[in-house]
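Please keep the sequence and the structure in view while reading.

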Amino acid sequence: MTSRQRTAAAATGPSPSSDDGWIRAARQGDTVAFNHLVLTYQELAFNVALRLVGDPDTAADVTQDAFLSAYRHLDQFKGGSFRSWLLRIVTNASYDVLRSRQHRTRESLDVMVAETAFDVADPGELPETVTLRRELAEKIEEGLATLPLDQRAVLVLYDLHGLSYDEVSQTLGINLGTVKSRLSRARGRLRDFLMQYQELWKG
Amino acid sequence: MSEPVFVEGTGHVHEVLSDYLNGDLSDAQREAVQAHLQSCAACRRDLDSLRLTVSLVRQLPLAPVPRSFAISVPERRRHAWLPWLRLSTGALAAVFVALLAVRLILPAALVEPGPPAPAGAAAGYAASRPAAPTVVAPAAVARPAAAPATGTPAAQTSAGVAAAGSVTGSASVASGREAAVRPSNAVPMRAAAAAARPPEVGATTPGAQPAPSPGLGAAATPSLPTSGTQSRPASAPTVSARVAVPRAAASLPAWLTAVQVAVGALVVASLALLVWSSRRL
């Protein structure tokens, strides 16, 4: 991982308390205040949508719709983690898109994140390392895409974006036990997939 | 939780390694796992690969946002067409009122020349004549029934279609018909005519709902520009509406009423749209 890249785990946003002011103003209809929240969470929202739906264009549509919906239904946010509340809208919108699509084969769900998330090489990095890293990232994304949706969602939220059990539970509307079991299965499954490409990570 | 970490007597800890990595196990359970790992290579490999997988996932780079997802005020977009809607609704309403005025004035203007009509309508009248007597009775009966319902657009429309639809033709037919049935049906027809009239009058003067009685004729008569049996285009509408009498020379008023109905419908639809949009904003 280069120092220039931000890992997905870093896209968690600021502490909940700093959102309160913006949320209060946005509730009155202040779109400028709401757009502060958009600025804070759009990277996270987009990435979660991207991991769930697979392609960047659909993910962008889902993200935009989710923010518009969040603005319109701000009165339904009763406090707590705004991030969880927002991501709930994002994941639900993603599920809706996937459900309405004709079932696509896993192959076509090849996530193009590896291409969109261009890696910027550190000055001292060897070209071979960059290639290897990109290939590895592609394989991980490929593996993520093979996971069943409910397992993928938990893995993306907990391991990829570092949300707490509580937030994952709130976002997906499932209890703690379900979070843990889905996480366990997702990790094992991804691990099994990656085992085929051990040479990529042995280096 | 205090359940044993070894699953189904296999003696291995695969199932709990994820929790173990997360630090979710109790002290006792964690120690049990660690003790097992020391002697079990398979579970150690399992743990290592799981740990590596998780760290690889955590190192995945973020995809940059393709664009800003800031929202623009949705309401402004709606407001863009709102003034146009208000303007067109007002214009349509004005057209509707103008058409209504035309429809009210036209019968009076056309009735003056009266006489030529009967001759011209002879052909059409002849066709309707056999049906006229039987028709008038139900018309007379239907009129009182229709009278209470004058408030409805349907009644107004039928009255409107009647009066405006074929002023010339209906006037001629009316006069012709009246001539034929006058002896026996003069009173009911007049009542019918009077009853038919108020619905129209009611359109412009709300509240003037007719009661089905001869007294209606007296009440309605003053409002008619020319009284007299010859000037009962309204009664013709009743019959023509019921019998679908071919309107001989009724070209202008026919489509005039149709246009007015269409404009009226558009006004209603525009108003509904305005109300809906104001609720949504």
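## A leucine in chain B

B:Leu266 is partly exposed, with a relative accessible area of 45%, a value that falls between the limits of 20% for buried and 50% for exposed. This residue belongs to helix H12 of chain B, which covers residues 252-280. Although B:Leu266 and B:Thr89 are 177 residues apart along the chain, their C-alpha atoms are separated by 8.0 Å. As with every value in this report, these come from a predicted model.

## Salt bridges in the whole structure

How many salt bridges does a search of the whole structure find? Over all chains, the search finds twelve, and the sections below describe some of them in turn.

In one salt bridge, A:Glu141 is paired with A:Arg51, and the closest N and O atoms of the two are 3.6 Å apart. Because A:Glu141 lies in helix H6 (residues 127-146) of chain A and A:Arg51 lies in helix H2 (residues 31-53) of chain A, the pair ties together parts that are 90 residues apart in sequence.

Are these two partners buried or exposed? A:Glu141 is buried, with a relative accessible area of 1%, and A:Arg51 is buried as well, with a relative accessible area of 2%.

## A pair within one helix

Another salt bridge is formed by the side chains of A:Arg99 and A:Asp96, with a distance of 2.8 Å from N to O. Both residues lie in helix H4 of chain A (residues 82-100), where they are three residues apart, or about one turn of the helix.

Here A:Arg99 is exposed, with a relative accessible area of 61%, whereas A:Asp96, at 43% relative accessibility, counts as partly exposed.

## A link between the chains

A:Asp159 forms a salt bridge with B:Arg58, in which the closest N and O atoms are 3.1 Å apart. This pair crosses between chains, running from A:Asp159 in helix H7 (residues 149-160) of chain A to B:Arg58 in helix H3 (residues 41-58) of chain B.

Which residues are linked with A:Asp159 in a network of salt bridges? The network links A:Asp159 with A:Arg187 and B:Arg58.

Methods
Residues are numbered from 1 along each chain as its sequence is written. Chains are lettered from A and ligands numbered from 1 in the order in which they are written. This is a predicted model: local features need pLDDT of at least 70, side-chain atom pairs count only at pLDDT 80 or more; totals for chains, interfaces and linings use all residues. Side-chain values use heavy atoms; hydrogens and water are left out. A salt bridge is a side-chain nitrogen of Lys or Arg within 4 Å of a carboxyl oxygen of Asp or Glu. Helices (H or I, at least four residues) and strands (E, at least two) are DSSP runs, numbered from the N terminus. Buried means under 20% relative accessible area, exposed over 50%, partly exposed in between (1.4 Å probe, protein chains only).
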